[in-house]
Amino acid sequence: MTHGFIAPDGHPRCQWCGGAPEFLPYHDQEWGFPVANDQRLFEKLCLESFQSGLSWRTILNKRENFRAAFHHFDFHKVARFTDEDVERLLQDAGIIRHRGKIEATINNAHRAQEMVAQEGSLAAFFWRYEPSSASLPAPQTQTTSPESIALAKDLKKRGWKFFGPTTAFAFMQAMGLINDHSLNCVTRERVEQARAAFQRPS
């Protein structure tokens, strides 16, 4: 996908961010920029899981509601949620009221705590799956990769739920483990610079 969307400022962007007004700031300020903050990584994991079967626009428009409902995705707090919290969230019209996804988020908060205890941080674990730039195909030409398949398999083995290879790949795109901006996208170079300056967690 090399042809682009020409934004109101006259510069080309990735084609997908022309699909809705709220996509442009998300694209320009967040998508693809490298993230090492565990809480932000956990938030994205959860939101990608909630998106399963839905559009990202739906999730993006409800993101602040999700943040309020899940204590800004502080996984230590989410891990303390009870059955009463599940029932409360099922009544919250501001989020996606899907019992399986809500319960998976609580489960995954427990798994995140275990991962921090074992690996030091979520970031240290996830950034191990950063692929070599030389191995990447043309931007936005695939929805999974060998790394996303391996990541999903590892998470499943560790007990995480609602996180398959496609979800893992979308997570890797968004959190900057790859730069999947179109070649003519004006944001691609900014992301490349951010990735070059980024200190990989260990």
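Let's start with helix H6. Its buried residues are Asp85, Val86, Leu89 and Leu90. Buried here means under 20% relative accessible area, exposed means over 50%, and partly exposed is in between, with a 1.4 Å probe and protein chains only. These four cover an arc of only 140° around the axis, so they sit on the same side of H6. That arc is taken from the directions from the helix axis to the C-beta atoms. An α-helix has 3.6 residues a turn, so residues three or four places apart point the same way.

A word on the model. It is predicted: local features need pLDDT of at least 70, side-chain atom pairs count only at pLDDT 80 or more, and totals for chains, interfaces and linings use all residues. Residues are numbered from 1 along each chain as its sequence is written, and side-chain values use heavy atoms, with hydrogens and water left out. Helices are DSSP runs (H or I, at least four residues), numbered from the N terminus.

What do the buried residues of H6 pack against? Helix H4, residues 63-69, and H7. Contact means heavy atoms within 4.5 Å.

Now the H6 and H7 pair. H6 spans residues 83-90 and H7 spans residues 99-119. They pack at an angle of about 135°, and their axes are 10 Å apart. Axes are lines fitted to C-alpha atoms, for helices over the stretch in contact, and angles run from 0 to 180 degrees between N-to-C directions. The two helices are therefore oblique to each other. On the cut-offs: under 35 degrees is roughly parallel, over 145 roughly antiparallel, 65 to 115 roughly perpendicular, and the rest oblique.

Who makes the contact? From H6, Val86, Glu87, Leu89 and Leu90. From H7, Arg99, Ile102, Glu103 and Ile106. By class, that is five nonpolar, no polar and three charged residues. Nonpolar covers Ala, Val, Leu, Ile, Met, Phe, Trp, Tyr, Cys and Pro; charged covers Asp, Glu, Lys and Arg; the others, Gly among them, are polar.

Most residues other than glycine have a negative phi. His71 has a positive phi of about 50°. For His72, phi is near 55°, also positive. Are they buried or partly exposed? His71 has 38% relative accessibility, so it counts as partly exposed. His72, at 46%, counts as partly exposed.

On to Glu43, in helix H2, residues 38-51. At 10% relative accessibility, Glu43 counts as buried. Leaving aside neighbours within four places in sequence, Glu43 is in contact with Arg63, Arg67 and Phe73.

Last stop, helix H10, residues 165-174. Eight of its ten residues are buried, so H10 is largely enclosed by the rest of the structure. Which ones are buried? Thr167, Ala168, Phe169, Ala170, Phe171, Met172, Gln173 and Ala174. What covers them includes helix H1 (23-29), H2, helix H8 (122-126) and H9. Just after H10, Gly176 takes a positive phi of about 85°.

Ile149 is partly exposed, with a relative accessible area of 44%. Not counting residues up to four places away in sequence, Ile149 touches Thr144 and Pro165. Ile149 and Phe169 are 20 residues apart in sequence, and 8.1 Å apart in space, C-alpha to C-alpha.
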